[in-house]
Amino acid sequence: MNTSVDTPSRRSRLGQWLIGAVLLFGGAGLVWYYGIGQPAPVERGGGRFGAPRGEKPPVRVVSAERRNIAVDLKALGTVTPINTVTVRPRLSGELIRVHFTEGQRVTAGQLLAEIDPRPYQVALAQAEGVRAENDARLNNARADLASFQSLFDRQLIPKQQLTAQEALVKGIEGTAQSNDAQLNNAKLQLSFTRVVAPIAGKLGLRLVDVGNLVNPGDASGIVVITQMQPISVLFTVPETDLPAVLAAMRREGNPAVEAWDRAETTRLATGTLRTVDNQIDTTTGTIRLRAVFPNENDILFPNQFVNINLNLSTLREATVVPSATIQRASFGTFVYVIKPDNTATIRKVVLGAAEGERVAVTEGLEPGERVVLEGVDALREGIGVEIVTGSAGDPATRPATSGAPPATGAPGAGAPATGGAPAAAQPKGRRP
């Protein structure tokens, strides 16, 4: 009877076979997973559209157009009323009536409040009494002068007596003039008990209540009147821009000025440049300007901060493209131009004035040439592209005019301007 003996050498050989089998099957599984089970990776371009390398990347294009564009000077301004008046009493007394409501619009001369007039009525009556007394004395002195003149003509009194009477009459006349002045002053003081609006404008909050004693020296006054129509905006511009501003004033008289909100999304009002300050601020190197706006709808409010667009001139028949088509690199600004055979080429351009989402190109581009609005990330010099058309009626879309097919693009949808072009995007023969 044979009995198998489990020796250590036999167990060692069995373990080696098991380990070898595991390694063999594991390696085969890895080869299958990475070599057969997964599809080969597809190289893609770096653009948002994800065009596979070797294929034509899709782009949206827009044609450069010829149009007028405004040359504006931008600045920050503060709405400042042309006139602001703190209404204070001209005399002391008790405030007995208020004839306005807070926020009311008033006209010049409109009654606002009344001060107790009784002390000033008494003063007026006293002045009238003194004036009546002097009138009686003056009439009596004039009658005596007429009698003395008759007696002197008949040589019944000496010349000295006639002269003395004439001096007396003149003295009383002088006193009467002084009384007239006192009487007029008493009437003026009485009129000051009626507080009227010195200018037309909008009232603020009431600063004193009925029953309080008011004085001319009160710092707060009774109410503040602010002129709202018209209203002005004070803003500053660098001294380097002053020659252009003065040239625009000489050419147009009062250049147009637009006031925009803080976000520069809504135009608030349109006015004209009124004046330029007479000296430059040496601490900031700026000069102040004042623009005036009709402000018929009261949309401009005192001390409001606004963005100012001062129109200096207008570029006629300029070549204009959307700002989103402009790319930037170390060698300057450029655009991708799509040639008639639908290949992209880099074109260095010189920019001019900007208006909203559009910018003028002074050199490097002609009207009608197609430039890439969206999809620039996957482009390089000479690459073929596929033109992607957008929805009809896009405001940024213009049909090409120089034999190129029309193309459309969404305004503002282009890739943002990059801080530098990739190495493949730099023009040949030009050092960055």
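1. Helices (H or I, at least four residues) and strands (E, at least two) are taken here as DSSP runs, numbered from the N terminus. The model is predicted: local features need pLDDT of at least 70 and side-chain atom pairs count only at pLDDT 80 or more, whereas totals for chains, interfaces and linings use all residues. Residues are numbered from 1 along each chain as its sequence is written, and side-chain values use heavy atoms, with hydrogens and water left out.

2. Helix H2 comprises 36 residues (118–153) and should span 52 Å at 1.5 Å a residue, the expected span being 1.5 Å times one less than the number of residues. The end C-alpha atoms of H2 are 53 Å apart, in agreement with that value. After H2 comes Gln155, with a positive phi near 60°.

3. The structure holds 15 salt bridges, each defined as a side-chain nitrogen of Lys or Arg within 4 Å of a carboxyl oxygen of Asp or Glu. Arg131 and Asp135 form one of them, at 1.6 Å from N to O. Because they are 4 residues apart in helix H2, about one helical turn separates Arg131 and Asp135. Arg131 is buried at 18% relative accessibility, while Asp135 is partly exposed at 27%.

4. Arg131 also forms a salt bridge with Asp180, with the closest N and O atoms 2.1 Å apart. This pair links distant parts of the chain, Arg131 lying in H2 and Asp180 in H3, 49 residues apart. Asp180 is partly exposed, at 27% relative accessibility.

5. Glu114 belongs to strand E6 (residues 111–115) and Arg97 to strand E4 (residues 93–98), 17 residues apart. The relative accessible area is 17% for Glu114, which is buried, and 42% for Arg97, which is partly exposed.

6. A network of salt bridges links Glu65, Arg67 and Arg358.

Conventions. Buried means under 20% relative accessible area, exposed over 50%, partly exposed in between (1.4 Å probe, protein chains only).
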